[in-house]
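Please read the following report alongside the sequence and the coordinates.

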Amino acid sequence: MAGGVVVAGVAGAGLLYFRHRASQALGGGPFRHYPFDPVAAENFQQKLFIPVASGPFGVLDVAAPLKLRATAASFPLLPGPASQAPSPFLLYQTEHGGQAYQNPILRIERGARFTASLDNALTEPTIIHWHGLHTPAKMDGHPGDTIGPGARYEYDFTVRNRGGTYWYHTHAHDLTAKQAYNGLASFFLVDDDDQRKLAKALDLKLGVTDLPLVIQDKQFDAQGKLVYRPNAHESMMGWLGDIVLANLTPNAVRTVTPRTYRLRLLNGSNARIYRLAFVKSDAALPFTVIGTDGGLIERPETVTEAFLAPGERLDVLFDAAQAQAGETVFLKSLAFDPMENEEGAGSMAGMSSQGHKGMSQMAAAMSSSRLSLGAAFNVLKLSVTAGDGVATTLPTALSEIKPIRTEGALERKIELSMQAMRFLINGRTFRMDEIAFEVKRGAVEIWSISNPTVGMPHPMHIHGFSFQVIERLNSPPQWSATARFGKGRAVSDLGWKDTLLVWPGETVRIAIDFAHDFPGSQTYVFHCHNLEHEDAGMMINFRVQA
């Protein structure tokens with residue numbers, strides 16, 4: 001890419017290159033066994049990229065003001081023939097302590113001041129949103145603050161959040177999906193006493209046994225270059241890839257010893273939902289959830305699967321001693337009903353459940369992806385080797401979560417819908433200068449978010465505040481089967497949340513405390529984190545009154 005830079009490798013050229021093979025069956029339907037197909041376990045031979053001190057996705061301990069530069073670059077994503085060129089890629093570049101970083105994993109202490117400038121070296125507008133962070137509206141990365149090429153935006157705020165796994169990504173008006181897909185995103189880790197106590201108790205070290213893991217699905221052309229060309233159907237439903245990357249590594253494998261590992265899972269995909277499980281020889285192994293979007297939950301919870309929607313995080317512990325040396329465990333996305341019934345609106349609104357399944361199959365047929373939403377596939381191979389076990393004790397209490405008091409709280413109805421091929425929130429599509437509603441500073445509200453039965457799943461994200469899930473009503477069976485935490489809630493509903501998956505036909509009630517100490521009125525957005533939906537206008541402004 002002209003004017004770009006070439007970044008040294010997450011995945012070098014000259015590694016195994018898989019040819020097309022004969023068709024195999026997936027969920028009863030044929031598919032082509034293509035290069036880097038994530039269904040085929042034998043493909044998993046690429047060493048998982050682990051963030052190190054500097055370079056691509058290096059861990060940067062923030063101790064001084066940063067200068068971030070959004071720029072076009074080239075990045076080697078797929079291994080292949082030696083003649084294969086790196087893919088065009090978008091990056092945040094910075095230098096710190098004499099070291100160069102690309103898309104740095106920013107790590108900072110709770111209560112610290114964060115100061116950064118964003119220089120736009122792209123040929124199109126951009127802005128950064130600090131996903132999950134509680135900041136004044138002007139620091140949040142509202143699409144209205146998008147800056148043009150050559151411009152600069154200054155950030156200066158105190159990190160008020162609990163310790164946890166947050167992230168930052170572009171929120172450029174009408175360009176979020178394309179820019180995030182092409183690389184403008186990374187982790188933002190917040191440390192506090194609770195995080196340090198956990199790390200000490202379990203002998204965890206970031207980058208060794210504590211692994212940030214972003215999961216994404218991408219499409220590539222024959223030269224190994226990223227492809228983002230949504231057709232009309234994909235612009236409406238969401239862009240799906242068919243090669244699954246873990247930390248930008250296709251068909252990733254990580255060697256582990258018989259001890260406990262922490263995986264900070266982030267769904268960085270544009271539209272794909274994952275149903276995650278650790279599987280050995282077709283048996284799902286238990287794993288322990290210790291945190292969700294807004295940091296640690298109250299106590300460890302052991303499960304065998306969990307859904308993860310775009311924008312959500314799930315902090316898990318996996319005990320690799322559940323497998324013997326020489327065995328393998330796969331982090332998989334299990335098969336599920338994608339419930340993509342949106343195209344059944346109007347004349348097909350009365351379809352039976354079998355008809356809804358037919359709509360999902362039709363949706364898959366209209367997608368350029370070879371991996372349909374809801375298909376089963378592998379994400380990461382864990383190869384267990386011999387090693388000394390590490391004797392640790394998981395604390396029975398991780399953190400304190402004070403329930404939001406909802407006595408006398410206003411209940412606000414949020415209705416998701418679609419009309420004339422546009423996604424709506426309370427009948428509205430996004431207009432930059434329109435305030436959908438106002439809330440009182442310091443007020444507690446209960447939002448009742450409803451998704452029509454003839455719909456599709458929507459991961460809904462609120463800016464500026466976190467919330468607590470109160471209950472789910474009329475959830476689909478595949479969710480209800482895991483909802484053992486009271487009032488229809490599954491493990492990913494626990495603790496503090498900023499992103500929430502709402503299934504077709506479902507109503508989810510959440511509690512939000514709008515207390516803050518920022519001067520003046522604050523305008524934030526609430527939107528679907530299916531990024532094609534967001535760019536298509538499934539977003540509204542709300543204002544917290546001064």
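The chain has six helices and 38 strands, where helices (H or I, at least four residues) and strands (E, at least two) are DSSP runs numbered from the N terminus. The model is predicted, so that local features need pLDDT of at least 70 and side-chain atom pairs count only at pLDDT 80 or more, while totals for chains, interfaces and linings use all residues. Residues are numbered from 1 along each chain as its sequence is written, and side-chain values use heavy atoms, with hydrogens and water left out.

Of the 546 residues of the chain, 61% count as buried; buried means under 20% relative accessible area, exposed over 50%, and partly exposed in between (1.4 Å probe, protein chains only). The chain exposes about 20300 Å², and carbon and sulfur atoms supply 51% of that area, as given by the Shrake-Rupley method with a 1.4 Å probe. If contact is taken as heavy atoms within 4.5 Å, residues 24 or more positions apart account for 80% of the contacts in the chain with a separation of 6 or more.

**Sheets**

Strands of a sheet pair through backbone hydrogen bonds, either parallel or antiparallel. Here two strands are taken to pair if DSSP finds at least two bridges between them. Six strands form an open sheet of mixed pairing in the order β4-β8-β7-β6-β10-β12, and its edge strands, β4 (55–56) and β12 (152–158), each pair on one side only. Within this sheet, the antiparallel strands β7 (residues 87–96) and β8 (residues 99–102) are joined by four bridges, and glutamate 95 has alanine 100 in β8 as its bridge partner.

Another open sheet, of five strands, has the order β30-β29-β32-β36-β34, again with mixed pairing. Because β30 (422–425) and β34 (467–473) stand at the edges with a single partner strand each, one side of each is left without a neighbour in the sheet. From one strand to the next the twist averages 20°, with axes as lines fitted to C-alpha atoms (for helices over the stretch in contact) and angles running from 0 to 180 degrees between N-to-C directions. Strand β32 (residues 444–450) pairs with strand β36 (residues 507–513) in the antiparallel sense over seven bridges, and the bridge partner of glutamate 445 in β36 is isoleucine 512.

**Nonpolar cores**

A nonpolar core is a set of buried Ala, Val, Leu, Ile, Met, Phe, Trp, Tyr and Cys residues joined through side-chain atoms within 4.5 Å. The largest such core has 68 residues, and Leu265, Phe278 and Val379 are those with the most contacts inside it. Strand β28 (residues 377–384) gives the most to this core, with five residues. A second, separate core of 33 residues includes Met237, Ile449, Leu500 and Val544. Which residues does phenylalanine 278 contact, leaving aside its neighbours within four places in sequence? Among them are Leu263, Ala283, Phe287, Val316, Val329 and Leu382.

Glutamate 124 lies in the loop between β10 (113–120) and β11 (128–131), and it counts as buried because its relative accessibility is 16%. Not counting residues up to four places away in sequence, glutamate 124 touches Pro149, Leu175, Lys178 and Gln179. The C-alpha atoms of glutamate 124 and threonine 146, which are 22 residues apart along the chain, are separated by 10.0 Å.

Threonine 176 has its place in helix α1 (residues 176–181) and, at 0% relative accessibility, counts as buried. With residues up to four places away in sequence left out, threonine 176 touches Thr170, His171, Leu531, Glu534 and Asp535.

The table gives side-chain polar contacts, each a pair of N or O atoms within 3.5 Å; within protein, one must be able to donate a hydrogen and the other to accept it, and residues adjacent in sequence count only if both atoms are side-chain atoms.

| Side chain | Partner side chain | Distance |
|---|---|---|
| Glutamate 124 | Lysine 178 | 2.9 Å |
| Glutamate 124 | Glutamine 179 | 3.0 Å |
| Threonine 176 | Glutamate 534 | 3.1 Å |

**Positive phi values**

Most residues other than glycine have a negative phi. Aspartate 203, although not a glycine, has a positive phi of about 55°; it is found in the loop between α2 (193–202) and β15 (210–220) and is partly exposed, with a relative accessible area of 44%. Leucine 248 has a positive phi near 65° and is found in the loop between β17 (243–246) and β18 (249–250), where, at 4% relative accessibility, leucine 248 counts as buried.
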